[in-house]
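Hello,

Here is the structure I promised to pass on to you. Please open it next to this email, and then read on for what turned up in it.

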Amino acid sequence: MKKFLNTYDEDCIACHACEISCARIYFKVDDLERSRIRIEEREKSAHIVACNQCETCVQVCPTLALTVNAQGVVLVNNRLCVGCYMCIAACPNESMFRYLGGIIPIKCIACGLCLDSCPTEAIRIEEKQEN
Amino acid sequence: MTERKVLAEFPYELKPVEKGYNRRTLYINLSTKAIESRPVTDLMIDKFVGGKGFDLYLMWHSVKDTTRWNDPENEICIAFGPLCGNTNYPGSGKSIVTTISPLTDIPIDCNVGGHFGPYAKFSGWDAIEIQGKSEEEIIVFIDGDKGIVQILSAPDEEINSHILAERLIAEFADNPNGYQYVSVVSSGKAAEYVPISCLNFSFWDKRRKVARLKQAGRGGTGMVFRDKKIKALVVKYSGLKGDTNHPVDLETLQKTGLKLHKEIEEGDDKQNRMRQVGTAHLVEIMNDYDLLPIKNFKYGQMEEAKGLASWEFKKLFTQGLPDGCWFGCSLSCCKAVDNFIPRTGPYKGQKVTVDGPEYETVGGCGSNLCIWNARDVVELNFYCDTYGIDTISFGTSCAFAMECYEYGILNKERTGGLDLSWGNADSVFELIHQMGRGEGFGVIVGQGVHKMKEIFAREYGADPKLLQDIGMEAKGLEYSQYMSKESLAQQGGYTLALKGPQHDEAWLIFMDMVNNQIPTFEDKAEALHYFPMFRTWFGLQGLCKLPWNDIEPANNAETDEPAKVPEHVQNYIDIYTAITGRPLDKEELIRQSERVYNFQKVFCMRMGKGRRIDDIPPYRAVGPVTEEEYLSRKERYDKLLKEKQGIDPEGKSTQEKMALLRAYREDQYQQLVDAVYKRKGWTKEGIPTIEHLKSLGMDLPEVVEVVKRFL
């Protein structure tokens, strides 16, 4: 089984609380660019962008800096990453991110620490069959 | 583990690269065992930029006018360029190798991938300059983690690259996890015997767990390397990060790289499929357009060529791996055949990983010899690489020998019993193994076409005029694998190329022959000015040419000048400024190249070539040499006689028509040369004028002194 952050756009009210929560936890800043989850405000609804752990990026990484842990979550090994961003371009749902001044790309690692910040339960940690 | 003596050692201070430069070069003299750090001056950066520019500058000041390839003062220079080693923009890991060539007697330059260049640069050096000759076999080791350069004894028995590279990686890495931080430059056994030799630059493939090999292929670098008794250059550097090149504007660099990554992700499968088959996608296109060289460039198209089409190689290439030769190259063109089992030679029956074959290798080792079996081409590719042989010169040289065999100039008595009939792969394998052993007729073929012409005329009484017409070399270098007969512009692209007929200065066949975009002499001359200058720029910076136009923006066709790929030109300007902090526009980009290009031209003159007479192609590159060639395209040539020359072909013999066509085409070529020299700011004899050098800021005293000898 694979652990991932499932997203429910229809419940999202685009309050961005999850992004703030994530950026504070991992970077200790309020900069939404540092969040591993992104909320896109579209005309009719919000769209939540977070890694579904599909592993496409793992295949393209030239340094094997992207690995899959026992729970099926894709992790970035900062020691091996050379910041080429081939993973960002290859990501089919555009959930691998860069930020100003950063070198290592960031992505959701299904830690679940943002869940409490969401007032509508539009994000949930779930499990699915392996890809 | 091999026992090694430290013959010389040079500790140096580790310092970060700043804005793409280290501002120092590494000088090694193998005769005296001196190792020195030398400063990079402002003049070097302002006038020569880096990469090939630095190589040529260093070589100029080290060789004499009379220096030949095996003189101790000849150098092997390897330089990297300010953009080299960035991990953001695809195709940014190139080294540029120069030396005085054993094939041409003038500077040769090769642009090669692999990890050596970036690691050597980040170890602290903008260029490596190796002079002198060692009396014993040596390895040069650059430890970029500790800041030490050593010359080590090399009693290793192994020479061939596919084994030597892996052994040295294992020896010099701290542990198996560190294999990826070591890169090796090596050649192979054949480079001790034949000048059509190359250097292999390794990169450790973490997925396949093998050393992959990229080639500095042209002009005989391997023979100079082995003549100096260098077994290998080894570099170790484990500190690579996404900003090790210390750009002034990382944000722009990252964004520009990411934009191209996405373009490749979206466009490559629809455009050239570089990630699936690499440059082998060209085989079927060239065959369709009558441009694939067959039987020593007699023909450009044959039904049998489908045996070498990209889909045949796709079956052999392992798919779905990030096959970039440097980190961050999402174009990933360097394909590999895993678990290949050669059917001949010393490694017969052993499983090996083979890099490529790329298009040029398919043309040279396949179609040009009428070898239509993809696996045979893979095997020739493997042995060329590991023996240190250039697949292009090998192909063109074998093709020449086979045509001489067809005409009876060669026979079994003269080839040591080898039947060199077209398509006889077994004989071609024997030739390559003879080159690897340094014996037999293979060593004659390995001297290259220029030397073979002399030998066959002298020893076998062959007609020198026929040999000149069918021997596909100019300046001593073999032509690479495209047919130029029907493209006047490409005849110039090949034959006017400074180092000899390689397609890396200009590839204009589609612009000229297919799309008719450059109909006049002036149009062709403009293209033969712009593209060689633009492409020279990659070698100054440490970049690969392929991500420029082997992937194009979706809207490229709608731009003013699609052949230039304007958006990608702007990308290069943006990343140059983002890394170096120096302003650049598209005009100054060309001028950067023009300075170095003209310097190289004068360097060639200084070494005894670079004259108009050196820019003459063999007629095989221009038109049909034999009746069978004329007759195979009779309709085309008859029509051209009528339309271009106003001559009615009716009633004329084939020989008469061939003579008329030849006179016309040779005259057209000379008119093209006039137009190109004029556009380049050169005299009718091909000498850069002092005024032109002044206008470029390249009227350096040492350059002017040489030019004055010719004016």
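**What was found**

In chain B, 71% of the contacts with a separation of 6 or more are between residues 24 or more positions apart; contact means heavy atoms within 4.5 Å.

Before going further, a word on the ground rules. This is a predicted model, in which local features need pLDDT of at least 70, side-chain atom pairs count only at pLDDT 80 or more, and totals for chains, interfaces and linings use all residues. Residues are numbered from 1 along each chain as its sequence is written, chains are lettered from A and ligands numbered from 1 in the order in which they are written, and side-chain values use heavy atoms, with hydrogens and water left out.

**Chain B as a whole**

Chain B contains 27 helices and 17 strands; these are DSSP runs numbered from the N terminus, with helices (H or I) of at least four residues and strands (E) of at least two. Chain B is as compact as a globular protein of its length, because its radius of gyration is 24 Å, close to the 27 Å that the globule rule gives for 711 residues. That radius is taken over C-alpha atoms, and the rule is 2.2 Å times the number of residues to the power 0.38. The C-alpha trace of chain B spans about 80 × 55 × 55 Å along its principal axes.

How many of the residues of chain B count as buried? The figure is 67% of the 711 residues, where buried means under 20% relative accessible area, exposed over 50%, and partly exposed in between (1.4 Å probe, protein chains only).

**Charges and salt bridges**

Chain B carries 88 positive and 103 negative side chains, and the centres of the two sets lie 1 Å apart. Lys and Arg count as positive and Asp and Glu as negative, while His and the chain ends are not counted. The place of a charge is taken as NZ of Lys, CZ of Arg, CG of Asp or CD of Glu.

Side chains of opposite charge can pair when their charged atoms come close. Over all chains, the search finds 73 salt bridges, each a side-chain nitrogen of Lys or Arg within 4 Å of a carboxyl oxygen of Asp or Glu. Here are three of them to look up:

- B:Glu171 and B:Arg4 form a salt bridge at 2.6 Å, N to O. This pair links distant parts of the chain, 167 residues apart: B:Glu171 is in helix H4 (residues 161–172) of chain B, and B:Arg4 is in the segment before strand S1 (6–11) of chain B. B:Glu171 and B:Arg4 are buried.
- B:Arg611 meets B:Asp614 at 2.8 Å, N to O. B:Arg611 is partly exposed at 36% relative accessibility, whereas B:Asp614 is buried at 10%.
- B:Arg620 and B:Glu629 pair at 2.9 Å, N to O, and both are buried.

Salt bridges with shared partners also join B:Asp205, B:Arg208, B:Arg212, B:Asp323, B:Lys335, B:Asp338 and B:Asp355 into one network.

**Two buried loop residues**

Where does A:Ser35 lie? Look in the loop between helix H1 (17–27) and strand S2 (38–41) of chain A. A:Ser35 is buried, with a relative accessible area of 0%. Leaving aside neighbours within four places in sequence, A:Ser35 has contacts that include A:Cys18, A:Phe97 and A:Ile106.

B:Gly446 sits in the loop between helix H14 (441–445) and helix H15 (449–460) of chain B, and counts as buried at 0% relative accessibility. Not counting residues up to four places away in sequence, B:Gly446 touches B:Val194, B:Pro195, B:Ile196 and B:Met435.

Enjoy exploring!
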